Amino acid sequence: ARRNCQSTPTLSGCVPIEACLPIIADGCDIDVSDCRSVKGGQSCEIKCKDPYTGSSTYGTCPEGNINTSEVLTWSRPQCALTNCP
């Protein structure tokens with residue numbers, strides 16, 4: 001039986017993968033606590049903070065990020081105050 005072997009080169013010890021800068025919440029309606037330390041190639045959830053409601057969005061840090069001042073790519077969730085006391 002013939003075997004087909006392949007090798008994949010992996011670089012190591014070069015430059016560490018860095019986390020993107022955290023999101024600074026610009027209002028009281030969103031929760032960005034999941035986005036404090038997101039490394040390259042990872043994502044985080046941005047959700048509406050109670051009592052606001054709405055669909056979550058996600059922030060991502062570029063794959064292989066080595067830039068310590070890279071900002072997360074994200075979009076603000078559409079949060080609405082539905083049960084106003």
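Figure 1. Leaving aside residues up to four places away in sequence, Ser56 touches Glu45, Ile46 and Lys47, where contact means heavy atoms within 4.5 Å. With the side chain of Glu45, the side chain of Ser56 makes a polar contact at 2.8 Å. A polar contact is a pair of N or O atoms within 3.5 Å; within protein, one must be able to donate a hydrogen and the other to accept it, and residues adjacent in sequence count only if both atoms are side-chain atoms. The C-alpha atoms of Ser56 and Ile30 are 9.3 Å apart, and the two residues are separated by 26 residues along the chain.

**Figure 2. Thr57 in strand β6.** Thr57 is part of strand β6, and it counts as buried because its relative accessibility is 15%. The side chain of Thr57 reaches the backbone oxygen of Ser75 at 2.6 Å. Apart from residues up to four places away in sequence, Thr57 touches Cys44, Glu45, Ile46, Ser75, Arg76 and Pro77.

Figure 3. The whole structure holds two salt bridges; a salt bridge is a side-chain nitrogen of Lys or Arg within 4 Å of a carboxyl oxygen of Asp or Glu. Asp26 pairs with Arg76, with the closest N and O atoms 2.2 Å apart. This pair links distant parts of the chain, since Asp26 is in the loop between β1 and β2 and Arg76 in the loop between β6 and β7, 50 residues apart. Asp26 is exposed, at 58% relative accessible area, and Arg76 is partly exposed, at 30%. Arg76 also forms a salt bridge with Asp29, at 3.2 Å between the closest N and O atoms. Arg76 is in the loop between β6 and β7 and Asp29 in the loop between β1 and β2, so this pair ties together parts that are 47 residues apart in sequence. Through shared partners, the salt bridges join Asp26, Asp29 and Arg76 into one network.

**Figure 4. The contacts of Asp29.** Asp29 lies between β1 (19-20) and β2 (30-31), in the loop. Asp29 counts as buried because its relative accessibility is 14%. Residues up to four places away in sequence are not counted here; Asp29 touches Lys47, Cys48, Lys49, Tyr52, Arg76 and Cys79.

Figure 5. Pro51 is in the loop between β4 (43-48) and β5. The peptide bond from Asp50 to Pro51 is cis, with omega near 15°. Most peptide bonds are trans.

**Figure 6. Confidence in the model.** The protein chain averages a pLDDT of 90, and 93% of the residues score at least 70; pLDDT is the predictor's confidence in each residue, from 0 to 100. Among the elements of the chain, β6 has the highest mean pLDDT (98) and β7 the lowest (93).

**Notes to all figures.** Residues are numbered from 1 along each chain as its sequence is written, and side-chain values use heavy atoms, with hydrogens and water left out. In this predicted model, local features need pLDDT of at least 70 and side-chain atom pairs count only at pLDDT 80 or more, while totals for chains, interfaces and linings use all residues.

Technical notes:
Helices (H or I, at least four residues) and strands (E, at least two) are DSSP runs, numbered from the N terminus. Buried means under 20% relative accessible area, exposed over 50%, partly exposed in between (1.4 Å probe, protein chains only).
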